[in-house]
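The following paragraphs are intended to be read beside the sequence and the three-dimensional view.

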Amino acid sequence: MKKIRKVVLKVSLCFLGLMLILGGAVGAILVFYAQNILTIFIGIAFSLLCLSGGIILLHKGTKKDKRINVTTKTIFNVSKKPITDKEVSYPIKAKKNQTEKEPVQQEHNRPSADYIKTIFLHMFKKRPYKEDDSFPEYFYYEYGIINIPMYFNELKDEGLITLSHPEEVLGLMKVSELKDILSERGLKKNGKKSELIEYILLHINVNELPIMNENYFSLSQTGKEYIEIHHDYIVLKQHPEWGIYPWEYQSEKDKSNGTKDFNEIILSLLNSKILNIKKSDFKTSTFEYNQLQNLYISSYKLFFDGECFIDALKALFKNLLLSLSGCKNNYLIKSKKTLKLNDEQIMKSYSPLIVDSYVVKSICGLKDYYNENILLDVYKEFIGPYNLCTYEMLCEVTTLIFSSSILTLSKYDTIIRDSFIKRLHK
């Protein structure tokens, strides 16, 4: 519609320009036949005015849109000369830069081929699969496998999967189905699933069973060795709470050049995430309270598995201090400023102090490694927009954890709540 309006406007300008030029020509003729000076003067003025106006309108009507020409030249490269940045209009240049960066970003964010292959093959460790089976959707939208059957055949060609043994295929059947097979042939049908399968293999020609007409595939010995070599990818996939992407792990692994084991690499990445939260400007950005709590618990588990029990205990106490700090309600301070709520409205959404029972139980399990220096270090290393819990309060709660059967925080909750209300008025 916009293009039609432009064309109509240009045609109209050309038409008016021609009419004025024609009028100028008529004026010139009148001057030639004029009988007095006044008529000659008026004719000349009219003729010049019409000619100049007509030329201007005709020029505007026939003038080309330079921006359109440049864009067309840029897209189709009509000129034989190389296109420079000066020839390209700004919108095209911005779009060009954007399309150049996008594939690089997508490639960078995509897991490695070994990672994808390991996760895919790991499914065969649990049960056999057919080529046309339904597979998890993340293989499509996260891993970029757009043709599962083709990928399936590639794994066969590499010798990573092979035709399943009869006992593996029978394992896909329900116990009731196995019993029906035995019952139809007048055989005993008592025992566990593994016993039923073994009995079928001993007394029945399994090739006669309908399920054997379909080609199921399981891990070959090569496939088993492959996923054993890349077992770290499987562990990473099993722990989404770490928030570590495959390419982040791979990058850190490559940097370590074999000097760090799996736990050390993950701990390094978790620590980087904690430091990023520490560097945040809490006045302008949202405080990631739950993320930080999860990072501390994940760090504890990895330290514990590595038998670094003092570091594991520190991670637990950092989680505890964050719970006691009052930062869980930090979002209410911003709500008061933006929504202009009063204290009573704010307190309706206030969350009282709650300490994770898993954290408390784990702290008690590491009591033999506890000393007061741990608490002092943890208190000094606190991360958050503010800390309403004093060092003395942290020591008292720690004593309660080690000495009481029930952890009651009502006394400290009152102190933190009152301190929080004071912060609302700052």
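Does Leu-187 count as buried, partly exposed or exposed? With a relative accessibility of 22%, Leu-187 counts as partly exposed, where buried means under 20% relative accessible area, exposed means over 50%, and partly exposed lies in between (1.4 Å probe, protein chains only). Leu-187 belongs to the loop between helix 9 (175-184) and helix 10 (193-203); helices (H or I, at least four residues) and strands (E, at least two) are DSSP runs numbered from the N terminus. Residues up to four places away in sequence aside, Leu-187 touches Leu-182, Tyr-199, His-203 and Ile-204, contact being defined as heavy atoms within 4.5 Å. The C-alpha atoms of Leu-187 and Tyr-199 are separated by 8.9 Å, and the two residues are 12 residues apart along the chain.

The model is a predicted one, in which local features need pLDDT of at least 70, side-chain atom pairs count only at pLDDT 80 or more, and totals for chains, interfaces and linings use all residues. Residues are numbered from 1 along each chain as its sequence is written, and side-chain values use heavy atoms, with hydrogens and water left out.

As a whole, the protein has 22 helices and two strands. Of its 426 residues, 35% are buried. Among contacts with a separation of 6 or more, 66% are between residues 24 or more positions apart.

Ser-164 sits in the loop between strand 1 (161-163) and helix 8 (166-170), and its relative accessible area of 14% makes it buried. Not counting residues up to four places away in sequence, Ser-164 touches Pro-128, Val-169, Tyr-216, Phe-217 and Ser-218. The C-alpha atoms of Ser-164 and Asn-215 are 7.9 Å apart, although 51 residues separate them along the chain. His-230 occupies the loop between helix 11 (221-229) and helix 12 (231-237) and, at 13% relative accessibility, is also buried. Residues up to four places away in sequence again aside, His-230 touches Asp-114 and Thr-118.

Other loop residues are exposed. Asn-257, in the loop between helix 13 (246-256) and helix 14, has a relative accessibility of 69% and therefore counts as exposed. Its phi is near 55°, a positive value in a residue other than glycine. Glu-307 lies in the loop between helix 15 and helix 16, and its phi, near 60°, is likewise a positive value in a residue other than glycine. At 61% relative accessibility, Glu-307 counts as exposed.

Helix packing comes next. Two packed helices are described by the angle between their axes and the distance between the axes. Helix 14 (residues 262-279) packs against helix 15 at an angle of about 155°, with the axes 10 Å apart; axes are lines fitted to C-alpha atoms, for helices over the stretch in contact, and angles run from 0 to 180 degrees between N-to-C directions. Helix 14 and helix 15 are therefore roughly antiparallel, since angles over 145 degrees count as such, those under 35 as roughly parallel, 65 to 115 as roughly perpendicular and the rest as oblique. The residues of this contact comprise 10 nonpolar, four polar and two charged (Ala, Val, Leu, Ile, Met, Phe, Trp, Tyr, Cys and Pro count as nonpolar, Asp, Glu, Lys and Arg as charged, and the others, Gly among them, as polar).

Helix 15 (residues 289-305) also meets helix 19 (residues 357-365), their axes coming within 12 Å and crossing at roughly 30°. These two helices are therefore roughly parallel. Ile-297, Tyr-300 and Lys-301 of helix 15 meet Tyr-358, Val-359 and Ser-362 of helix 19, a set that divides into four nonpolar, one polar and one charged.

Asn-319, in helix 16 (residues 309-324), is buried, with a relative accessible area of 2%. Leaving aside neighbours within four places in sequence, Asn-319 contacts Gln-293, Tyr-296, Ile-297 and Val-359.

The largest nonpolar core has 86 residues, and Phe-120 and Phe-139 have the most contacts inside it; such a core is a set of buried Ala, Val, Leu, Ile, Met, Phe, Trp, Tyr and Cys residues joined through side-chain atoms within 4.5 Å. Helix 16 supplies the largest share of this core, 10 residues. A second, separate core of 15 residues includes Val-169, Leu-170, Leu-178 and Ile-204.
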